[in-house]
Number of protein chains: 2
Amino acid sequence: MLTNRRRSVLAVDLGGTKTITSVILSTGEITCRKYFLTLADGDPRQVIDRLLSALTETMAQAKLKTSEIAGIGIAVAGVLDIDRGIVTTSPNLPHWRNVPLRDIFADRLGVVTYVINDASAAALGEHRFGAGIGFDNTVYLTVSTGIGGGIIIGGEPYLGVDGCAGELGHMTIEADGPQCHCGNFGCLEAMASGWAVAKEATMRINRGERSSITELVNGRLEDITAETVAMAARRGDRLAVDIVAKAANYLGIGLANLVNIFNPELIIIGGGLSKMGDMLLKPARKVVKERAFQLPARTAHIVRARLGSNAGIIGAAAYVFDQQDETKK
Amino acid sequence: MLTNRRRSVLAVDLGGTKTITSVILSTGEITCRKYFLTLADGDPRQVIDRLLSALTETMAQAKLKTSEIAGIGIAVAGVLDIDRGIVTTSPNLPHWRNVPLRDIFADRLGVVTYVINDASAAALGEHRFGAGIGFDNTVYLTVSTGIGGGIIIGGEPYLGVDGCAGELGHMTIEADGPQCHCGNFGCLEAMASGWAVAKEATMRINRGERSSITELVNGRLEDITAETVAMAARRGDRLAVDIVAKAANYLGIGLANLVNIFNPELIIIGGGLSKMGDMLLKPARKVVKERAFQLPARTAHIVRARLGSNAGIIGAAAYVFDQQDETKK
């Protein structure tokens, strides 16, 4: 019984908006799940304190003691130095600079802790328990407010030398394009993410273009999100349809790059914008066929993610189990 | 003695301009090396016949019988289906469509044969015997008439599902950029390769811009190459300096993408244009620092290749030895 219980991991997905805490078994089963608002504008210490309380509550709810936890896995939206367990910087957590996240949790809770980039974790989650089962060379792209990526090679996450590989949203696809939150210009994220779509809509309406989006937000243009634009596009709004088509084109360019670079079996698209489904993915797939080499374009199936917002926690847990199996070898 | 001799590989680098044949030992030592002009405009069968003759001559010169050869490794400038040993298509070998290169050589010479993309081979060559020794996560970029790439992950070449991964020159960095030889638009190759540099110079001189390049080619603008432009730039020619600076900027954008995607230890730059040295690489490195995330940009050393035009044959030989070690396991 105890042995079984010890195969539980405390898994966290620490995002710019929401933080999920959970208990996950090695089968991928989620036995407990809670979330709180990250309130990322505050001091990192406040976020960390909230997360420590949430983890304590989660364990209490799951009736687990720290001694019964195999480890803590924290998927975090940031550029990680994985060997040192540090969040060096994060577009989604603006005040985080070189935060030693791993050691803080290991010290305070007395449980071995691992950190991993959230999109890399989601890639691993989808590979082990979602849309990527059986596909050992897979690229994962999460198209949400921002755009993140994760790479699976030979069935394992490819994390790079520091642990920050897979920043696929920050691949320049338009050299002189608009500035991205990361500081660079013309990143895939600056052309096809949720924030890019919302910004484009706001800008064009402010410039005088007419759109039903204005009514959808009751005239409060600052409330426009990618979801509003998608809703208007579904109803045939001309501006919204045009903006979604442009985002799909840029997404297709990014995907074509990944096809030519990785020649993968599978590309999995997750994140909020993937819910647009064919409106976004059909034209994006067409761009891939037009722009990438024929052979890898034929090989790479482009599909939607399956695990939704649980991909990160499931992947973070899988990462902990993998690391511990590695240690035992 | 015989055992030793059998550790020789017949290694070929089949390029758009020149084809090198060689005998290489498992130590990376080249014991024999010849080349002939590919004359790629002709029928693939003629190229193959010339290569068969050249290999027979190379063996004769090295005093080796086919029974003494461990295998044949052919590095070829094309999009390969590696499991089937087929060159599906090639920007540098215009008439090649689904040519079963591996089986032709295996059948005609009675020696086990492997094919690998030329830039992937060069990456492996540099990793084992050149600038990349000891760096297990390395990206190789050859900036020549075209731009090719090779990826080393965990000390092994990453070839993708079909064997055509690493087409790093055909990553779009300027969505609406000029058309590339591959059919796509705004590829890194279309912005920063030898042909792109020569084309830009020709176009701008044709439009009336003055440049000492015109004298360097005795007024025959069709003779302009990247080397001519580099020579003029070294002498301070304003047009040439501007063109090289633009190419360096685009190269830097491509490198920044690779830094964000792979978080590699090392990026090796080979190919003819790398001979420009600091004139090209210094500004490119600066762009990487400006555009990529800080942590991976600090980690990735960007260096020049060491093996020159031998990288492909040395890598092709290493690939054969690797495959055979794999078979023995």
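## Strand 1 of chain B and its partners

Strand 1 of chain B pairs with strand 2 (residues 18–25) of chain B in the antiparallel sense, over 7 bridges. Strands here are DSSP runs of E with at least two residues, helices are runs of H or I with at least four, and both are numbered from the N terminus; two strands pair if DSSP finds at least two bridges between them. Strands 1 and 2 of chain B make a hairpin, with 3 residues between them. Look for Val9(B): its bridge partner in strand 2 of chain B is Ile24(B). Strand 1 of chain B also pairs with strand 4 (residues 69–76) of chain B, this time in the parallel sense and over 7 bridges. There, Val12(B) has Ile74(B) as its bridge partner.

This is a predicted model, so local features need pLDDT of at least 70 and side-chain atom pairs count only at pLDDT 80 or more, while totals for chains, interfaces and linings use all residues. Residues are numbered from 1 along each chain as its sequence is written, and chains are lettered from A and ligands numbered from 1 in the order in which they are written.

## Is that strand buried or exposed?

Strand 1 of chain B (residues 8–14) has 7 of its 7 residues buried, so it is largely enclosed by the rest of the structure. Buried means 20 or more other C-beta atoms within 10 Å of a residue's own, exposed means 12 or fewer, and partly exposed is in between, with C-beta atoms placed from the backbone. Ser8(B), Leu10(B), Val12(B) and Leu14(B) are buried on one side, and Val9(B), Ala11(B) and Asp13(B) on the other.

Over in chain A, helix 2 (residues 44–61) has 18 residues. Its buried residues are Val47(A), Leu51(A), Leu55(A), Thr58(A) and Met59(A).

## Where the chains meet

The contact between the chains takes 39 residues from chain A and 39 residues from chain B, where two residues are in contact if their C-beta atoms, placed from the backbone, lie within 7 Å. Helix 9 of chain A gives the largest share of chain A's side, 7 residues.

Terms used:
The expected span of a helix is 1.5 Å times one less than its number of residues.
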